[in-house]
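Please look over the structure below with the following notes beside it. They are arranged as numbered points, one topic to each.

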Amino acid sequence: MDESIKRPNYRLTGREKSHVATGSPFDRTAFVPDQIGDGEEKREVDVRAFSFERKVTRPSPEQFLRKSQGTGGLSPPEARSKAIAAADPADGAVIPRPKNKAYKKRDNPPNTSFRRFYERADLPVNVDQNGSVPKIAWKVQVERLDYHHYLPLFFDGLRETEMPYSFLAEEGAKDMVSVGGRKVLPVIPQLVIPIKNALNTRDPKVIVRVLRLLQALVLADVDQEGGGMIGRALVPYYRQILPVFNIFKNKNINIGDAIDYSQKKNDNLGDLISSTLELFETYGGPDAYINIRYLIPTYESCMN
């Protein structure tokens, strides 16, 4: 026999063992035999092994979340650490979480430029008390005023809450906006900071006053030839104006089925914000809606 021919290396192996129950050698499921020897305890079958069933315990009517037992959106460890930090060491009581202060009025010091100019008689306005209702009296014609100088002053006085400053600032700004026409457009950048300061007071009366002026501002040049530019000029300043709108957007008066006899006053904050946003979208050009939606995600278009 030729020695160059090598014999193959054969290795004898035993027969592969398979699981008794399933017949698969890869099965690793804990099998419970039917017959159990002496001294062995029968293990409970896990029903989740080959099905979508799972064991559940019947809930007790005593297991429910009571008042002041929640975590407030925090994880249990965070809630426990916060409760321990807020606890009073004297009696062990937990200090309640502070309420939402989004609607709380901010500080509004009486230091406006409008007040300073009026007190030293540098404004061409006065209060006319001849009739039963006070009116504004102009010392010069409104059309001849320098809008770059006077209009920001009147808008700065919108956050005033005392008479006669609040009355003169609102009525004076209305008259200048209604008569100004194209003179208002170049002054828009100077009006943004006074409008923002007035809105940041979070005072509903001040916000209503600003909303009325913003509506008059948008409609000031609509009827003129080539008008509607003031609404477009306000679009880059939505980031300064609209955040407060988003806070008070849903602040309406819930009167149920009663009649609101003060509708003619037009001082409902939620309705004023909705109508102002609709004017912004209508006269703000093609980019108005996407900018409004970016700052107020719940706003729905009025153009459809």
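1. Helix α9, residues 269–283, has 15 residues and reaches 21 Å from its first C-alpha to its last, close to the 21 Å expected at 1.5 Å a residue, where the expected span is 1.5 Å times one less than the number of residues. Helices (H or I, at least four residues) and strands (E, at least two) are DSSP runs, numbered from the N terminus. After α9 comes glycine 285, whose phi is positive, near 85°.

2. This is a predicted model, in which local features need pLDDT of at least 70 and side-chain atom pairs count only at pLDDT 80 or more, while totals for chains, interfaces and linings use all residues. Residues are numbered from 1 along each chain as its sequence is written, and side-chain values use heavy atoms, with hydrogens and water left out.

3. Among the buried residues of α9 are Leu269, Leu272, Ile273, Thr276, Leu279 and Phe280; buried means under 20% relative accessible area, exposed over 50%, and partly exposed in between (1.4 Å probe, protein chains only). The buried residues of α9 pack against α6 (204–218), α8 (238–248) and α10 (288–295).

4. Glutamine 215 is found in helix α6 and is buried, with a relative accessible area of 15%. Leaving aside neighbours within four places in sequence, glutamine 215 is in contact (heavy atoms within 4.5 Å) with Leu272, Ser275, Thr276 and Leu279.

5. Strands β1 (residues 125–128) and β2 (residues 135–138) pair in the antiparallel sense over 4 bridges, pairing being counted if DSSP finds at least two bridges between two strands. A hairpin of 6 residues joins β1 to β2, and aspartate 128 stands opposite lysine 135 in β2.
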